Amino acid sequence: MIVVVIALLLAIFLLPNAWAKWVLSRHSRGRDDYPGTGAELADHLLRRLGIEGVKVEMTEHGDHYDPEARRVRLSREHYEGRSLTAVTVAAHEVGHAIQHHEGYAPLAARARMVGVAQRAEKLGALLMMAAPFLFILTRLPGGLAIVIAAAVISFGTAALVHLVTLPVEFDASFNRALPLLKEYVPPYDMPGARHVLTACAFTYVAASLASILNLGRWLVILRR
């Protein structure tokens with residue numbers, strides 16, 4: 001029974017990320033019938049939409065739009081790739097640039113919340129590692145429980161923020177990128193493009209679940 005429960009929990013935590021990676025990989029085959037790469041489409045869309053000051057760059061840190069630097073950053077495979085995944089991911093990140101250009105308030109809130117999530121997760125890890133030592137030093141009743149509770153809040157904040165960003169991701173995918181892709185991608189490729197856009201959003205579901213899994217890992221360590 002325990003094995004079944006563990007297997008079920010692992011499936012819940014790991015499947016969203018595995019599914020997203022599978023979808024992106026499935027549509028990453030090079031296409032000779034596509035006129036340009038992901039970077040070329042992103043640059044074209046930015047110029048066509050009159051979004052000035054935003055540049056397209058290659059990155060080693062995952063596809064994203066940086067509102068502070070005003071950069072659409074694409075991984076090498078999507079920057080140089082001429083595939084359905086490459087052009088769809090590029091359009092998705094341009095979708096965030098459109099949000100920024102139009103003053104889409106949830107994007108600004110998301111940027112602040114992501115910063116909070118990153119700091120909260122680091123704080124949570126530090127508190128979890130320090131908890132046993134603080135308890136030994138203070139000898140206060142309930143001291144360990146207080147520190148663990150603070151760590152739970154920190155990791156919980158990270159998980160919550162990742163989930164709250166989902167509406168921003170879906171807006172970038174389906175309200176911004178999808179209408180643009182319909183003008184550049186053949187109709188028979190549009191179902192695949194929708195799957196890729198959904199996978200882009202689900203990476204945040206996977207990140208949220210990873211935060212929860214990380215919390216569980218630390219709780220198991222502290223119980224030993």
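The structure is a predicted model, in which local features need pLDDT of at least 70 and side-chain atom pairs count only at pLDDT 80 or more, while totals for chains, interfaces and linings use all residues. Residues are numbered from 1 along each chain as its sequence is written, and side-chain values use heavy atoms, with hydrogens and water left out.

The protein has eight helices and three strands, assigned as DSSP runs (H or I of at least four residues for helices, E of at least two for strands) and numbered from the N terminus. Along the sequence, these elements follow the order α-α-β-β-β-α-α-α-α-α-α. Of the 224 residues, 42% are buried, that is, under 20% relative accessible area with a 1.4 Å probe and protein chains only. The exposed surface comes to about 12,400 Å², of which carbon and sulfur atoms supply 65%; these areas were computed by the Shrake-Rupley method with a 1.4 Å probe, and for residues only the protein chains shown count as cover. Among contacts (heavy atoms within 4.5 Å) between residues at least 6 apart in sequence, 72% join residues at least 24 apart.

The largest nonpolar core contains 33 residues. Such a core is a set of buried Ala, Val, Leu, Ile, Met, Phe, Trp, Tyr and Cys residues joined through side-chain atoms within 4.5 Å. Within this core, L46, V54, V56, V72, L181 and V185 have the most contacts. Two or more residues come from each of α1 (2-26), α2 (38-48), β3 (71-75), α4 (84-101), α7 and α8 (190-223), and α4 gives the most, with eight. For V72, the contacts beyond four places in sequence are L46, V54, K55, V56, E57, H64, Y65, E93 and A97.

E169 counts as buried because its relative accessibility is 2%. Its side chain makes a polar contact of 3.3 Å with the side chain of H96. A polar contact here is a pair of N or O atoms within 3.5 Å; within protein, one must be able to donate a hydrogen and the other to accept it, and residues adjacent in sequence count only if both atoms are side-chain atoms. Apart from residues up to four places away in sequence, E169 touches H92, H96, R110, C200, A201 and Y204.

A159 belongs to helix α6 (residues 143-164) and, at 6% relative accessibility, is likewise buried. The C-alpha atoms of A159 and A210 are separated by 7.8 Å, although the two residues are 51 apart along the chain.

Definitions and conventions: Buried < 20%, exposed > 50% of the residue type's maximum accessible area, 1.4 Å probe, protein only.
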